[in-house]
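Open the model in your viewer and keep the selection tool ready. Each stop tells you what to pick next.

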Amino acid sequence: MDRKEFLASMLVLGGAAIVPSVAKADALERIEKLVAKASGKKIDSRLTVLLSDIHICGELKDGKSLHYPYNPTSLQLRIEEILSMRPLPANVLVFGDVAWDYGLEEDYRYAAELLRPLEDAGIKLTLGLGNHDRRAAFFKVFPQYVQTSPVKGRAVSVVALPDVDVVMLDSLAEKPNLKPRQATTVSGEMLESQAEWLKDFLAKSERPAILCAHHPPKEMPLLEKVISASPNVVGFVYGHVHYWSKIPYIIRSRVPQRMVQTVSLPATFYGDIGMAVMETNSKGACIKFSSKGYWWPQPSDNPPKEWQRRVEDTQREEVNLLF
Ligand SMILES: [Fe+2]
């Protein structure tokens, strides 16, 4: 594929590898039409879309995000892609870093507005928290998580699919008494209370479980211990890194040969751009990724050839988790 063909293909894919224009009225109009078209269409409970690191900035200037104004557009392209799926997925999961940088309330309000068309189409949305999120602001905009989370003070969700439980854990290590716009620990955390709840949940369950969090499992020793003691954990999916990858995770366990497949998701903001689609049945889950672009650290209208190569190399990626 030469450069001209590459740019043409990117336009077909939605232009995400080039500079996406900031949120426009025509994107909203297209999304509204897609929501109307989705009405009454089949929703498949075995289809789940995995999105991560959407980093929405709700501080606006002239109607555009103050930081990385193309992020909302990049997310809207994914939303258009989801609403065009037939059948529609029953669930969309967002693996944290919902907010741009410091988890401001306005970031969550804007993200909620952008994501609303999914719910309007009858798709259930589940959000996780990353190191750029802040719990107080998140819970203010999404108070339902205070009620539904089985772990007090954390945003933990269990999405019960027909053949497997998908458990969204809360790996945000939020330092106490953070000042507004102050960064917190970048790496993940799993406190005793959450690890204990998870251990108990897995012990009582006879179904396979896919664990999910913003951070990779290796950053959380307590989580590693739970996985090692729980044979029903069949995979671990995370965001944070902004790159698609599928690495076997060898865990210390009573069964020395045991490995748990891990999946690192693309982002909608720098790195691998796109989303993954997970299809489940009684035997396992197949997670597929087809790149919709690559940029680092900002999109460019003159992308280097390595970006093009990365997009081509990640066009048809998939990984299988066995139940
Ligand atoms: Fe991120």
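**Stop 1: a pair of helices**

Select α7 and α8. Glu 192, Ala 195, Leu 198 and Lys 199 of α7 meet Leu 222, Leu 223, Val 226 and Ala 229 of α8. Two residues are in contact if their C-beta atoms, placed from the backbone, lie within 7 Å. Helices are DSSP runs of H or I with at least four residues, strands are runs of E with at least two, and both are numbered from the N terminus. The axes of α7 (residues 192-204) and α8 (residues 221-229) come within 10 Å and cross at roughly 10°. Axes are lines fitted to C-alpha atoms, for helices over the stretch in contact, and angles run from 0 to 180 degrees between N-to-C directions. α7 and α8 are therefore roughly parallel, a label for angles under 35 degrees.

**Before you go on**

This is a predicted model: local features need pLDDT of at least 70, side-chain atom pairs count only at pLDDT 80 or more, and totals for chains, interfaces and linings use all residues. Residues are numbered from 1 along each chain as its sequence is written. Here pLDDT is the predictor's confidence in each residue, from 0 to 100. The mean is 91, and 92% of residues reach 70 or more. Now select residues 1-19, where pLDDT is below 50. Where pLDDT is low, the predicted coordinates should not be read in detail.

**Stop 2: another pair**

Select α2 (residues 25-38) and α3 (residues 71-83). Their axes come within 10 Å and cross at roughly 20°. Residues in the contact include Ile 31 and Leu 34 of α2, and Gln 76 and Ile 79 of α3.

**Stop 3**

Go to α9 (residues 305-313). Which of its residues are buried? They are Gln 308, Arg 310 and Val 311. Buried means that 20 or more other C-beta atoms lie within 10 Å of the residue's own; exposed means 12 or fewer, partly exposed is in between, and C-beta atoms are placed from the backbone. Seen down the axis, the buried residues of α9 fall within an arc of 160°, so they line one face. The arc is that of the directions from the helix axis to the C-beta atoms. Turned away from that side are the exposed Lys 305, Glu 306 and Asp 313.

**Stop 4**

Most residues other than glycine have a negative phi, and most peptide bonds are trans. Select Arg 86 and Pro 87: their peptide bond is cis, with omega near -5°. Next, pick Asp 97, whose phi is positive, near 55°. Asp 97 counts as buried, with 27 C-beta neighbours inside 10 Å.

Note on methods. Parallel < 35°, antiparallel > 145°, perpendicular 65-115°, else oblique.
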